[in-house]
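I opened a new notebook page for this structure. I wanted to look up the strands, then the aromatic rings.

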Amino acid sequence: MRMMFVLGLAGVIGLAFGGVSRAEDEVGPHKGPVAEWGDEELHLEVVADAKTGDVTVYVYGNHNDLHKGRALPIDAKTLTLALKTTEPATTVKLEAKPAKDDPKGKSSVFTGKSDAFKTDKKLVGTISGKVGTKPYSGDFKQK
């Protein structure tokens, strides 16, 4: 009896945690790879244009916000994207480009440009920045 309880509990735990996906395995509303900041606090989607070298990062709140496409404006003027798929790694400064509905002084969209994005290689890298005074960093990997 005790063994059945333990096996049943292990199965429930496996189901509860086995389906949890890491942010770097997720795809955002614009079909870009996602980085997670904090413990489900923020999700950042990276969308690059291989023709122009432009890159746009969209900021969302928790997991549900990401999948519903609900932007979350943050108190930051710049972010840093380190692209690891180039030799040496390429660092791109992303500037705030507030969406029309973002409150003054906050942005849910950040943009930058680099020839390093003019490729058909899968994107792999890290996005870092500060929201107010709190530093964040998270990895992303395109499938």
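Entry one, the sheet. I looked up the strand order and found an open sheet of 8 strands, β1-β2-β3-β6-β5-β4-β7-β8, with antiparallel pairing. The edge strands are β1 and β8, and each pairs on one side only. I noted the twist as well: it averages 25° from one strand to the next. I keep in mind that this is a predicted model.

I followed β1 into strand β2 (residues 42-48): the two run antiparallel, joined by 4 bridges. E36 stands opposite H43 in β2. What do β1 and β2 form? They form a hairpin, with 4 residues between them. In the turn, I checked G38, which has a positive phi of about 70°.

I picked out V46, whose bridge partner in β3 is V57.

How many aromatic pairs does a search of the whole structure find? It finds 1. The rings are those of W37 and Y136, with centres 5.1 Å apart and planes at 5°, so I logged the pair as stacked. Planes under 30 degrees apart count as stacked. Next I looked up where the two residues sit. W37 is in strand β1 (residues 34-37) and Y136 is in strand β8 (residues 134-141). They are 99 residues apart, so the pair links distant parts of the chain. Are W37 and Y136 buried or exposed? Both W37 and Y136 are buried.

Technical notes: Residues numbered from 1 in each chain as written. Predicted model: local features only at pLDDT ≥ 70, side-chain atom pairs only at ≥ 80, totals over all residues. Heavy atoms only, no water. Phe/Tyr/Trp six-rings, centres within 6.5 Å; stacked < 30°, edge-to-face > 60°. Buried < 20%, exposed > 50% of the residue type's maximum accessible area, 1.4 Å probe, protein only. Pairing = 2+ DSSP bridges. Axes fitted to C-alpha atoms, helices over the stretch in contact; angles between N-to-C directions.
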